[in-house]
Amino acid sequence: MKVIRTIEELRAEVKHRTSTGAGPVGLVPTMGYLHEGHASLMKRAREMTGTVVLSIFVNPIQFGPGEDFETYPRDEQRDLAVAESNGVDIVFIPGVQEMYPKPTKTKVAVSELTSLLCGASRPGHFDGVTTVVNKLFNIVKPDFAFFGMKDAQQVAVIEQMVYDLNLDVKIVPCPIVREADGLALSSRNVYLKPEEREQALVLSRSLNTALEQLEKGSITTAGEVRDLLTKVISESPIADIDYAEVLSFPDMIPLENDSRLSGTGNATILALAVRFGKTRLIDNALFQSKEGIPHV
Ligand code: AMP
């Protein structure tokens, strides 16, 4: 496994591998502090491509003022061990100076899809994401790029960017990896105090309860789903709901309260963002996606 810190070296190494018949290139973009969720993306990339590039970059331009850019957890040595054990060929770890030697005057912004949910709570966040992902695509030139459905809105936004700009890369959405008790893995889970970690289980519990009741037909409308999600989350006295939404996926249009979820054939996403103390967690579940994760 090669550890590369400059764009020039990364380009040369990918070119070398591709020209010597290594096969398609897969990119797994991350901010590091790797866990099994990230590992699942690396494994999928390993299955599908001949050169697996893992990028680790805590991207300052996707953090708002007062967010956790400075304190975001970092552990390079452990990350390298995780990457190596998951068959990564190249780890790209650029510094901020390498990615942004001067303040960027160009940004890539996807409209509409970014104006709600995390886009509304974190203004500018998705512009930072699409700009850095575009840079990474231009640097690595991957055939496939792997993203987790943990960040489902991000998947929708990136798929839209690829579609609109005719980017020559195939996005591979990968399922959410959870702890045994249901909590979705996240680098930010380390921020949780024991009490908050316990209470955070209301996220997956609310999603599971809603999915079960939808399957049974005991609730059918978006309004009933919203109410149920809110009710189960509110069983935690410390849960502070940012949003508990029901939308079409991947176009991310909020469903009317009286709109029925069953029998439409379209995928629906149940999307949550909830604060526990200082930590904001997100989670989601798809309903009616038996054919897999829908594409734009
Ligand atoms: P991050 O390092 O948080 O920016 O995440 C990098 C990639 O890993 C993103 O595509 C995330 O959606 C994905 N990811 C993070 N957590 C999980 C998880 N629990 N399951 C699957 N993918 C995940």
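User: Happy to look at this one with you! In which loop is P250 found?

Analyst: Keep in mind that this is a predicted model. A cis peptide bond joins F249 and P250, with omega at about 10°. As for its place in the chain, P250 sits in the loop between β7 (239–248) and β8 (268–276).

User: Thanks! Where is E112 found, and what is its phi near?

Analyst: E112 belongs to the loop between α4 and α5. It is a residue other than glycine, yet its phi is positive, near 60°.

User: Let's turn to the ligand. Which residues around the ligand come nearest?

Analyst: There are 17 residues around the ligand. By class, this shell has nine nonpolar, six polar and two charged residues. Those that come nearest are H38, G148, D151, V177 and L185.

User: How far is an oxygen atom of the ligand from an N or O atom in the side chain of D151?

Analyst: A polar contact is a pair of N or O atoms within 3.5 Å. An oxygen atom of the ligand also lies 2.9 Å from a polar backbone atom of G148. For the side chain of D151, the distance from a ligand oxygen to an N or O atom is 2.6 Å.

User: Which element supplies the largest share of the shell around the ligand?

Analyst: Three elements, β2 (25–30), α2 (36–48) and β5 (144–148), each supply at least two residues of the shell. The largest share is three residues, and it comes from α2.

User: Good to know! How much space lies in the second largest pocket, and which residues are closest to its centre?

Analyst: The second largest pocket holds about 240 Å³ of space. Of the 13 residues that line it, the closest to the centre are I176, R178, N284, A285 and L286.

User: Which element gives the most to the lining of that second largest pocket?

Analyst: By class, the lining has eight nonpolar, four polar and one charged residues. Both α9 (201–216) and β9 (279–287) supply at least two residues of the lining. With four residues, the element that gives the most is α9.

User: One last thing: how many aromatic pairs are found, and how many residues apart are F57 and Y100?

Analyst: A search of the whole structure finds three aromatic pairs. F57 and Y100 form a tilted one, 6.1 Å centre to centre with 40° between the planes. F57 lies in the loop between β3 (51–56) and α3 (76–85), and Y100 in the loop between α4 (96–99) and α5 (118–121). The pair thus links distant parts of the chain, 43 residues apart.

How values were computed: Residues are numbered from 1 along each chain as its sequence is written. This is a predicted model: local features need pLDDT of at least 70, side-chain atom pairs count only at pLDDT 80 or more; totals for chains, interfaces and linings use all residues. Side-chain values use heavy atoms; hydrogens and water are left out. A residue is near a molecule or strand if one of its heavy atoms lies within 4 Å of it. A polar contact is a pair of N or O atoms within 3.5 Å; within protein, one must be able to donate a hydrogen and the other to accept it, and residues adjacent in sequence count only if both atoms are side-chain atoms. Ala, Val, Leu, Ile, Met, Phe, Trp, Tyr, Cys and Pro count as nonpolar, Asp, Glu, Lys and Arg as charged, and the others, Gly among them, as polar. On a 1 Å grid over the protein atoms alone, a cavity is a set of points where a 1.4 Å probe fits but cannot get out, and a pocket is an open set with protein on both sides within 12 Å along at least five of seven lines; lining residues have an atom within 4 Å of a point. Grid points are joined across faces, edges and corners, and a volume is the space filled by probe spheres set on the points. Rings of Phe, Tyr and Trp (its six-membered ring) pair if their centres lie within 6.5 Å; planes under 30 degrees apart count as stacked, over 60 as edge-to-face and the rest as tilted.
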